[in-house]
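Take a look at the chain below. We will go through it step by step.

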Amino acid sequence: MLVFSPSLKPVVQINSLCVCLQQIQEDLNKQLLDNLVSFLSRSHSDFQEKTTKWTCRMKFREIPTAALILGVNVTDHDLTFRGLSDVLQDSITPYVALLEAKDCPGIKNLMQKLMGQLMNCDIEVDSLEDEDCVQVSQNRIRCSMPSLVSWYENVTKKTDSETPSKKRNSSSRHWQSPPVVVIFKDMESFTTKVLQDFIVISSQHIHELPLVLIFGIATSPMIIHRLLPHSVSSLLCIELFQSLSCKEHLSTIVDKLLLTSQFPFKLGEKVLQVLINIFLYHDFSVQNFIKGFQLCIVEHFYSQPLSVLCCHLVDLKKRVYSLSHDQCENIRRLPSFRRYVEKQESGKQIALLTNDNFLKEETEKLLEDLHVYHENYVSILRCLHVFTSSLPKYPLGKQIRELHCACLENQVWETEEYESSLQLARMLNKTDLVSMLQQCVEILMSSSGKEFDKTVEKLKEFLTQFQNLEASQERDVSVSSQKELQKKTDLYHLQKTLLELKESRRSKKLTKFEMLRFEVVDYIDTLVRKYLVPADTRTLHEIVYFNAATVLRGHLNAAPRTALHTALNNPHWYLKNQALKCDGGGISNKAPDICIVYKLHLECGRLINLVDWLEAFSTVVMASEEPNADAASSDQVDDIIHARFIRAVSELELLGFIKPSKQKTDHVARLTWGGC
Amino acid sequence: MPNLEHPAYPADDLLHLESLVPCRESQVSTLLSIFGERQQFSFPSIFIYGHTSSGKTYVMQTLLTTLQLPHVFVNCVECFTSRLLLEEILIQLQGCSGTEQTSPVRCDTLNDFVRLFKQALATQELQDETLYLVLDRAEQLREMEANILPAFLRLQELTDRNVTVVLLSEIVWELFRPNTGCFEPFTMYFPDYSIGHLQKILSQNHPPEYSADFYAAYINILLGVFYMVSSLEFLWFCLAAANERDTRKLWKNIEPHLKKAMQTVYLREISSSQWERLQQDGGEPGQLKGLSAHTHVELPYYSKFLLIAAYLASYNPVRTDKRFFLKHHGKIRKTNFMKKHEKTSNHLLGPKPFPLDRLLAILYSIVDNRVAPTANIFSQITSLVTLQLLSMVGQNDQLDGPRYKCTVSLDFIRAIAR
């Protein structure tokens, strides 16, 4: 195994990844957070101005509430809430409390938690004075709304009166009486009673304590109606906010992380498929997707000795030339490199296989090629996506990630879906086609690849042709109609012309537009064939692309039941002891007791007779002992064996395979069915 | 209506009080006659009940503050433990006298309370006047320790002081009475406001720019629409929301607005402030999606199947599993008939609990490709439970084969299965 050379590569890459991710997250949540902040600042403007308007009096007991719909990916919510509370503390109020259902089984716990969080935040601001500590500890005895109100009055009074320079900037950020924001992270899990009580209590004090509630909702806002009766929900002034859907979130992440040349590390098709499948099939969690991605990076740099070369182009030259002889041998052993060598003429073959320096030069060139390939790949992929994403029924998928997977998997132009999407593309109307071509031009212009000058020119040429077409088409129409008029006189002729028309339409006659459309589609096709070749056909792709999907699957798709079954059924799998190796269904008496007991219990039905089980167990254990010992204990089971059996059975019970049965005294019930 | 008359209180105060509590004059006069004069001992406990927004709290509060009777007013919802309740009473009592004693009171039991209560009364100049202890939302008292409610009912006797406890509640006294028996309070019923009452109350508060008659007519219209469904609080709101724009128009102009308001705001589909903004902009409420518009829940692939499997397991009897989910079951004709018959009855019965194994077995049979029993699947089941789409039945032992129930409706499942 090679030690990570010069710098700790994965750390650097993961760090840069994290920075990039954070940026993305912030951008994604910006809209939502802005909306929320404006809502919060609006919510207690009445409280600020102390207005006594006629309308205000009407809804004086309503608590401003934001219902935040976050989607079912509960694991991602933490991040959103953290971002939210940071933003709130920066811009609106220092008093933010985050409540979770598991901390609040009763209203008492909820109040304790709430007051603890609010008053602690105050201490942090006020630089820990002894006096405050005493005050807080006294308050903690009485966890009720009145004491919270009095605390709030104290705090706001203090910030009002105090004008030293230290306090100045913090109080200027917030208002005179900032609202107190209470965030319920998981609305669904709160019990009805706790929520109702809290809302009723706080609505009593809304005059003295400008409270704002934020409900984090994972399912649908109907949950509010389900949890709260009308008498309580009429105390709330609910506004709805919706966060970005997790699928869109993923698309952005894929777009920004995978389809760039910013990171030298790339995911192979199978690995990407595994990650996306986990996302779509199991959890919808973007966090887990990112964690999986990070795991891929670590795994790649850990298991692939040549991953030193997986770096930015600027460092590449230095790294290639510092390769040792062993590392060069490693390169020579790569399957893709071997394929490459076989294609070269014999003189070069020998040089590649024997001369390290020549190899290094070649490697550098190949890696640069790979880099260029990726850049081009991304641009053309985006162009193709422009076409496929607007076709009916989306034969190649709606999202760019689906297209990406299809292209990485194999040569996309050989698939049926590609064929059918080309067919559909040949039926596009002109306006769509023109707008798509314009988009493609933009994409290619903005890409960093150098080879696209010609392509852009060609596409622009198509565009001008389409414009020219408009003029000529009008002429066409008039000519044909004239012809029709001429021949209308004769019935026989008319019939003949109609037949001809029909014939021609079927066989050959294409308008200019159709010709051009064919040309465009064919051109796109050639681009695809040229640039969208799958990555694993490229030489040295192993260095940059991580493709060990089975390893990743082993890490991410834990299968405890299967693992347990394997361990008990086939202990050799984990223990690697030759003596345990057995073939087929036979039970070796060398195996651990629990394995024997487990195997025996697999043969039983719903209820297991303990006596029979013990018999079978002792037979297996005694199988290879000497015959005289067998004779001695033929009628009476050995105490030691009995003890071993009981221990094994209780271990099995601990693992949850069996439980004592009440139906029959000397029986146990199986809790699993089948052999897993 | 009889004017309020009582020898103990000045006539001015009584007149003022009468103007503050319209349509509740008879109740107030009854209360006054029970209270008697300031120094007279009154009935030990009074129980007042009536439907939501029938003015119980408001009448009590105005009565006590206008006549400046010494009183303590506590909302029992706010004091969720008996200790909080007792301490809250004591704190308010200290504040009553005006002498600022900030020493923290500790009062854990009723015994302490009686002692401290006596002390508090002794230190103040309240000995010669009746102290009124009002417990709003008194139904909460039933959930506290068993001795709290009976003790409050005979507090006068226990403390030997001039005190009257007033309990306010929305439910009848019969539901309060403890098994062991207790002192019976004087019960009093506040009837609902009639439509005429409401009209009178609402028109008291007309905005200055319109004449009182006009406003009364407007309220008349409003009540015609809303009287059946809404509470007093909501009417207040409606008045506020619709007022500025609509009063000049005819009934026909108002009606659609009110109906829209009823559909949206009353059910809390959109918030009142959003409504106000809409009204100001002159927009249509259709632009704003209500709460129930977002019913669709996006779920991961296997979660969908798990939920569908759970639904099937909850609403189909076990014996039909073999017919529905095995490939070779036979007897198709009969199955169809049975299915229809069973479905209706099972939906009326509600979801039944099912063991985890059955859920997984159904899952395996309804998903096309093979499903590996990975940890992901199991964690999805738990997350469905936390999302309240499934619920766990009998949470005694995890190893003991957990049982679940499906809590979502057929419509929800239909939307998911699409």
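A residue is called buried when its relative accessible area is under 20%. Keep that cut-off in mind. The model shown here is predicted.

Start with the whole chain. Chain A has 676 residues, and 48% of them are buried. Its secondary structure comes to 33 helices and 10 strands. The accessible surface of chain A is about 34,500 Å². Carbon and sulfur atoms hold 53% of that surface. Now consider contacts in chain A with a separation of 6 or more: 76% of them join residues 24 or more positions apart.

Next, find helix 20 of chain A, residues 400-409. This helix is mostly covered, with 8 of its 10 residues buried. Among them are Ile400(A), Arg401(A), His404(A) and Cys407(A). What do the buried residues of helix 20 pack against? Their partners in chain A include helix 12 (246-258), helix 13 (269-283) and helix 19 (356-388). Strand 6 (266-267) and strand 7 (545-546) are also partners.

Now turn to the sheet. Strands of a sheet pair through backbone hydrogen bonds, either parallel or antiparallel. In chain A, 5 strands form an open sheet with parallel pairing, in the order 2-3-4-1-5. Strand 2 (96-99) and strand 5 (236-242) of chain A each have a single partner strand, so one side of each lacks a neighbour in the sheet. Neighbouring strands of this sheet are turned by 20° against each other on average, direction ignored.

Look at one pair. Strand 3 (residues 180-184) and strand 4 (residues 211-217) of chain A are parallel and share 5 bridges. Phe184(A) stands opposite Phe215(A) in strand 4 of chain A.

Helices lie across these strands too. Helix 4 (residues 74-91) of chain A runs at about 165° to strand 2 of chain A. Helix 9 (residues 192-204) of chain A runs at about 160° to strand 4 of chain A.

Note on methods
Residues numbered from 1 in each chain as written. Chains lettered and ligands numbered in written order. Predicted model: local features only at pLDDT ≥ 70, side-chain atom pairs only at ≥ 80, totals over all residues. Heavy atoms only, no water. Buried < 20%, exposed > 50% of the residue type's maximum accessible area, 1.4 Å probe, protein only. Helix = DSSP H or I, 4+ residues; strand = E, 2+ residues; numbered from the N terminus. Contact = heavy atoms within 4.5 Å. Areas by Shrake-Rupley, 256 points an atom, 1.4 Å probe, with all protein chains shown as cover. Pairing = 2+ DSSP bridges. Axes fitted to C-alpha atoms, helices over the stretch in contact; angles between N-to-C directions.
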